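Hello,

Here is the structure I promised to hand over. My notes follow below it.

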Amino acid sequence: MAGHALSNHFTAFFRNLNPGSSFISRAASEHATVTHLIESAGGEAGQLAPHCFLQGSYRQETAIYTINDVDIVVLCRLWQPVSGGGGNGGSGRAWDRDRIFTAIATPLLADGRYRGKVRFGPTSMCIKVDLGIKLEILPVVYKSGNDEQ
């Protein structure tokens, strides 16, 4: 098969376009550590029985040049809508958005590596952790009427 100069140029271009292996390694390590902290947490976070998984360009391996962020979905075993009654993790207190975000962020805030790097507010759509590589943690709950477990 004949080699073409254009093929060599494309190979070099493609290599420069994708995130470097050290960047990917660091993103994978941070994802694994944060996921472990959230999924193994006790207290209120443990009541949510969180299960983490990836989504976005990092998960789909479509990040170009650098990884802007790592999107981590935290699926909580809590059915919405919630009230002071059932489906609230057995605490007798309703799970609202702020309580869910705080419960998920608590194990990160308790860890010295992440303290001071965790950000979310009353209108945030996710919990952000800035480690040079940005992690965006997206808490989600089951919709009422969903029988899948």
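What share of the 149 residues of the chain counts as buried? The answer is 34%, where buried means under 20% relative accessible area with a 1.4 Å probe, protein chains only (over 50% is exposed, and in between is partly exposed).

A word on the source. This is a predicted model, where local features need pLDDT of at least 70, side-chain atom pairs count only at pLDDT 80 or more, and totals for chains, interfaces and linings use all residues. Residues are numbered from 1 along each chain as its sequence is written, and side-chain values use heavy atoms, with hydrogens and water left out.

Now the layout. The chain has 5 helices and 5 strands. These are DSSP runs, numbered from the N terminus: helices are H or I with at least four residues, strands are E with at least two. In sequence order the pattern is α-α-α-β-α-β-α-β-β-β.

Next, helix α5, residues 97-109. Its end C-alpha atoms are 18 Å apart.

Last, L37. This residue sits in helix α2, residues 21-39. L37 is buried, at 16% relative accessible area. Leaving aside neighbours within four places in sequence, L37 is in contact (heavy atoms within 4.5 Å) with P107, L108, D111, R113 and Y114. L37 and D111 are 74 residues apart in sequence, but 8.7 Å apart in space, C-alpha to C-alpha.

Best wishes

Conventions
The expected span of a helix is 1.5 Å times one less than its number of residues.
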